[in-house]
Amino acid sequence: MAISLEERIKNWAIVELNKAGVNYGSENDIKDAHVADALVKMPSKSGGAGIARPDANFMMAGTIPVFLEYKWGVDKLVKKNKSGIDVSTKATQNYADNGAIYYARHTLALSDEFHEAIAVGIAGEIGTAEPDQ
């Protein structure tokens, strides 16, 4: 079965996280109870009542939540507007940085446990060479 193009970016990121020894969680495996509580309280990126699910997450130094979002295509890394990063529903759904920032901002707003968070968007493309995965 062929994997989606975005799944290829995810697979690349997983390999790199594993190489670095990062204890990460996928969208169904939140690595901190306070982060999990904040994600349940926040709306999904589409604005609905579903549970918010970052593509990946981990805790840096045990105290700083890190959120990762993957997108296929380098043009899907970040969307800006006149004010800076676009935080509209469409931008948070379709751009890696915007989506990761969505989770980081809402976690900080909905939890008294954290004073900082890190948002990482990962976007890429494959040129003529296929990855080894």
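Trainee: Which residue in E6 does Phe-67 stand opposite?

Mentor: Phe-67 stands opposite Ala-119 in E6. First, the ground rules. This is a predicted model, where local features need pLDDT of at least 70, side-chain atom pairs count only at pLDDT 80 or more, and totals for chains, interfaces and linings use all residues. Residues are numbered from 1 along each chain as its sequence is written, and side-chain values use heavy atoms, with hydrogens and water left out.

Now the pairing. Strands (E, at least two residues) and helices (H or I, at least four) are DSSP runs, numbered from the N terminus. Two strands pair if DSSP finds at least two bridges between them. E3 and E6 (residues 118-124) run parallel, with seven bridges. E2 (residues 56-60) is antiparallel to E3, with five bridges. There, Asn-57 has Phe-67 as its bridge partner. Three residues separate E2 and E3 in a hairpin, and Ala-61 in the turn has a positive phi of about 55 degrees.

Next, burial. Buried means under 20% relative accessible area, exposed over 50%, partly exposed in between (1.4 Å probe, protein chains only). Eight of the nine residues of E3 are buried. Glu-69 lies in this strand, residues 64-72. Glu-69 counts as buried because its relative accessibility is 1%. Its contacts (heavy atoms within 4.5 Å) beyond four places in sequence include Lys-45, Arg-53, Asp-55 and Tyr-103.

Last, the core. A nonpolar core is a set of buried Ala, Val, Leu, Ile, Met, Phe, Trp, Tyr and Cys residues joined through side-chain atoms within 4.5 Å. The largest has 10 residues, among them Phe-67 and Tyr-103. H4 gives the most to this core, three residues.
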